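Subject: Structure handover

Hi,

Here is the structure I promised to pass on. My notes on it come after the model.

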Amino acid sequence: MSRADPATAARPAAAPGSWRGLLYLAAIVIFLLARLAHLPWLMPVASVLALVSIVVSLPACGPIARTLTLLFLAGGYLMLWRAGVGWPQYLLAHGEMLYLLALFAVLPLLSIPVQLGAYGASIQAVLRSRISGLFQLNCVVTVLAYLCGSFMSLAAVPIMLTSLAPVVDSFPLRDPQRFATVSTIYGYVLPILWTPVSGVVGVVLYSLHLEWTALLPMLMGLSVAGLLLNWGLFWLIELRGKPAAVPDAPLPDAGHASLGPALRHLSQMLVGIALMVTLIAVFDRLLKIGMLTVVTLLAIPFSLGWSLALGKGGAFMRAATTQMTSRLPRLADQFAIFLAAGFFVSAMHLSGVDHAVNQAFLALHHVLGTRLFLLAMPLMALAAAMAGVHPLVAIALLGQSLKPEVLGIDAELLALTLIGSSVLTYMLGPFSGTLGLVQSLTRVSGYRLALWNLPYALGYVGLLGLAILLLQ
C-alpha cells in the first residue's frame with residue numbers, strides 16, 4: 001500500500017458511511033488544488049478537513065491505529081503548547097500527509113485493467129506449465145510476484161496466492177503453504193525499492209528533496225540483486241544441493257500449448273509497466289511537483305487508457321466508481337494514523353523539537369560512525385514496525401527527523417538506506433499491510449509468517465548492508 005501498502009488492508013471496516021468517504025475525497029481534492037493551482041488560501045481549508053477527518057475516523061479505527069493516532073496527536077499538541085505557538089498554527093499543522101493519502105485513494109484503480117484483462121489467468125497458465133522442479137518453480141513465482149508488485153502494489157498478493165493454490169500441492173514440498181507465502185511475499189516486496197506505486201519511495205524523496213530518476217538505477221540494481229539472492233538462498237535452504245525435485249503428479253492443465261499465448265498476454269502487462277514508469281519519469285522531470293503527486297494524477301487516466309485499449313472502457317468506469325465509493329470510507333485507519341503522524345511531524349518543525357532530534361541523531365552518529373549508524377537504520381525501522389507503527393509512518397518519521405546535511409551523510413545514500421529498511425519491515429512487520437493481508441487469506445498468524453520469512457529477510461539485510469558499505 002501501500003508499497004503503497006495500507007496498514008490494515010485485511011481488516012474490514014464496520015459498515016462505514018458514505019459521508020466519511022465524501023469528507024476524505026473533499027480533503028484530498030482541496031489539498032491537490034491548493035498545491036497544483038498554487039492557491040495558498042485553500043490550505044487552511046485542507047487543514048480543517050484533515051482535522052475533521054481524524055476526528056470522524058477515530059470511532060471506526062482499530063485499537064492499534066486509534067492508540068497510535070491519539071499518541072501522535074497528544075505529542076504534537078504538547079510540543080506546540082510548550083513552544084507557545086499561536087492557536088492558528090495548531091490548525092495549520094494538520095494535513096501534512098494528504099499527499100500520501102491521495103495516492104492511497106487512487107492507487108487501487110491500477111489493478112482494474114489487470115482484472116479486466118484477465119492477466120491472472122495467464123499467470124496461472126504459466127505456473128501450470130511444465131516446470132522442471134522446485135527451484136524453477138520458485139524462480140517463476142518470485143518473478144511473477146515481482147512483476148505484479150511493481151504495478152499493482154498489494155493487489156498482487158491475492159492474485160499470486162490464488163494462482164499458486166492448485167499448483168503447489170503437486171510438488172514434493174514439506175509445507176506448500178509456507179512456500180507459497182514466502183515466495184509471494186519476497187517477490188512482492190522487492191519492487192518497493194524502486195516502483196513509484198509503493199509510496200515508500202515517494203515519502204523518502206519528499207522528505208529528502210531528491211529526484212526519483214536520479215536514484216532509480218541504484219534502487220533498481222539493489223532490487224534485482226535481492227531477487228537473485230532469493231534464488232540462491234532457496235537453493236541453499238530448501239534444496240541444499242539435492243537434485244531437482246520434480247512434481248509428484250502432473251500439474252492440472254499442464255502443457256506447452258497454452259504457455260506461448262500466456263507469455264504473450266503477460267508481455268502486455270510488462271509493456272504497461274514500462275510505459276507507466278516512463279510516463280512518471282517524464283512528468284516528474286517536467287512538472288517538478290513530486291513523484292507521489294505525479295503518480296496520483298496519472299493513475300486514473302493511465303488505468304482508463306489501458307482499459308480502453310482492451311475495449312473495456314465502460315467496465316472500467318463502473319468498476320472505478322464502485323471501488324471508490326466502497327473503499328474510500330474504509331480508509332479510516334489510514335486517514336487517522338497518517339494525518340496524525342503528519343501533524344506530529346509539523347509540530348516538531350513548528351516547535352523546534354526537530355533541532356533537538358537532529359542533535360540526538362548527530363550524537364548517535366558521532367558515537368557509531370557513519371557506517372554503523374546507517375547499518376542500524378533497518379533495526380530502527382523494524383523496531384518501530386514491531387511496536388505497531390506502519391512502515392510508511394516509521395520511514396516518514398525517520399526521513400523527516402534525519403537531516404543529511406547536518407549528519408554529513410550523502411542524501412542519496414540515506415535515501416537508499418531508508419527505502420531499503422522499509423522493505424525489511426514489510427517482510428517481518430506483523431502490523432504491515434503485507435502480512436495482514438496474507439494472514440487474512442491463509443489464516444496463518446502474522447508472527448508465524450514473519451518467522452517463515454526470517455531466513456530470507458536476514459539474507460536481504462546482509463545484501464542491504466553490503467550495498468551501504470560499498471556506496472558509503
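Below are notes on cavities, cysteines and salt bridges.

First, the ground rules. This is a predicted model, where local features need pLDDT of at least 70 and side-chain atom pairs count only at pLDDT 80 or more, while totals for chains, interfaces and linings use all residues. Residues are numbered from 1 along each chain as its sequence is written, and side-chain values use heavy atoms, with hydrogens and water left out.

Cavities

A cavity here is a set of points, on a 1 Å grid over the protein atoms alone, where a 1.4 Å probe fits but cannot get out; its lining residues have an atom within 4 Å of a point. Points are joined across faces, edges and corners, and the volume is the space filled by probe spheres set on them.

The largest cavity has a volume of about 60 Å³. Its lining consists of Asn138, Arg178, Phe179, Val182, Ser183, Asn230, Phe234, Glu238 and Tyr456. Two helices, α10 (176-189) and α12 (212-239), each supply at least two of the lining residues. Helices are DSSP runs (H or I, at least four residues), numbered from the N terminus. The top contributor is α10, with four residues. By class, this lining has four nonpolar, three polar and two charged residues. The classes: Ala, Val, Leu, Ile, Met, Phe, Trp, Tyr, Cys and Pro are nonpolar; Asp, Glu, Lys and Arg are charged; the others, Gly among them, are polar.

The second largest cavity holds about 40 Å³. Leu110, Met276, Ile280, Val295, Leu298, Ala299 and Phe302 line it. Here α13 (259-287) and α14 (291-309) are the elements that give two or more residues. The most come from α14, with four. This lining has seven nonpolar residues, no polar and no charged.

Cysteines

A disulfide is a covalent bond between the sulfur atoms of two cysteines. The test used is a pair of cysteine sulfur atoms within 2.5 Å. The structure holds zero disulfides. Cys139 is in none, and its nearest cysteine sulfur, in Cys148, is 16 Å away. Cys139 is buried, at 13% relative accessible area. Cys148 is buried too, at 1%. Buried means under 20% relative accessible area, exposed over 50%, and partly exposed in between (1.4 Å probe, protein chains only).

Salt bridges

The count is four. The rule asks for a side-chain nitrogen of Lys or Arg within 4 Å of a carboxyl oxygen of Asp or Glu.

- Glu238 lies in helix α12 and Arg174 in the loop between α9 (156-168) and α10, so the pair ties together parts 64 residues apart in sequence. Glu238 is buried at 16%, whereas Arg174 is exposed at 64%.
- Arg285 is in helix α13 and Glu211 in the loop between α11 (200-208) and α12, 74 residues apart. Both are partly exposed: Arg285 at 44%, Glu211 at 31%.

Shared partners join Arg174, Arg178 and Glu238 into one salt-bridge network. Arg178 and Glu238 also belong to the lining of the largest cavity.

Best wishes

Notes
On a 1 Å grid over the protein atoms alone, a cavity is a set of points where a 1.4 Å probe fits but cannot get out, and a pocket is an open set with protein on both sides within 12 Å along at least five of seven lines; lining residues have an atom within 4 Å of a point.
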